[in-house]
Amino acid sequence: MLAVHDLAHARAGDKGHSVNVSVIAFDEAGYERLKRELTEARVAAAFAALAEGPVRRYALPGLGAFNFVIERVQGGGVTATGALDIHGKSLSSLMLTIPLPGNEPEG
């Protein structure tokens, strides 16, 4: 099954009780697919164990990217939590593992 990491790379940053994760497509085709399938609801479901939400998606078509702002992170974000790497690579990695629909084998 295709996942976000097949189409893009990601960066994360902590903003107190919020986190933002940028997803940057490798090419235009990947950007178009992400635009259709990497929805706020899909991201909220993937991050449900870490954040209450809401999730807002901002499209940056000139960069072939999206910025997701995820609100109400558990533990209050990096400055208040004891969780290991809550604001860094682990959140980017979680975003990149989100499976995308429509990739089931035919037959």
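**The core and the charged pairs**

A: Leaving aside residues up to four places away in sequence, Val 4 touches Val 23, Leu 34, Leu 38, Met 95, Leu 96, Ile 98 and Leu 100 (contact means heavy atoms within 4.5 Å). The model is predicted, so local features need pLDDT of at least 70 and side-chain atom pairs pLDDT 80 or more, while totals for chains, interfaces and linings use all residues. Residues are numbered from 1 along each chain as its sequence is written, and side-chain values use heavy atoms, without hydrogens or water.

Val 4 belongs to the largest nonpolar core, which has 25 residues; Val 4, Leu 34, Leu 38, Val 43 and Met 95 have the most contacts inside it. At least two residues of this core come from each of strand E1 (8-15), strand E2 (18-25), helix H1 (28-37), E4 and helix H3 (89-96). E2 supplies the largest share, four residues. Such a core joins buried Ala, Val, Leu, Ile, Met, Phe, Trp, Tyr and Cys residues through side-chain atoms within 4.5 Å. Helices (H or I, at least four residues) and strands (E, at least two) are DSSP runs numbered from the N terminus.

E4 (residues 65-70) also pairs with strand E3 (residues 55-60), in the antiparallel sense and over six bridges; pairing requires at least two DSSP bridges. Within this pair, Tyr 58 stands opposite Asn 67 in E4. Four residues lie between the strands of the hairpin, in which Gly 64 takes a positive phi near 65°.

The whole structure holds four salt bridges, each a side-chain nitrogen of Lys or Arg within 4 Å of a carboxyl oxygen of Asp or Glu. One of them joins the side chains of Arg 33 and Glu 37 at 2.9 Å, N to O. Arg 33 and Glu 37 both lie in helix H1, four residues apart, about one turn of the helix, and both are buried (under 20% relative accessible area; exposed is over 50%, partly exposed in between, with a 1.4 Å probe and protein chains only).

Another salt bridge links Glu 52 and Arg 72, whose closest N and O atoms are 3.8 Å apart. Because Glu 52 lies in the loop between helix H2 (40-46) and E3, and Arg 72 in the loop between E4 and H3, the pair ties together parts 20 residues apart in sequence. Glu 52 is exposed at 60% relative accessibility, whereas Arg 72 is partly exposed at 47%.

Arg 56 and Glu 71 also meet through their side chains in a salt bridge (3.0 Å, N to O). Arg 56 lies in strand E3 and Glu 71 in the loop between E4 and H3, so this pair ties together parts 15 residues apart in sequence. Arg 56 is partly exposed at 32% relative accessibility, and Glu 71 is buried at 19%.
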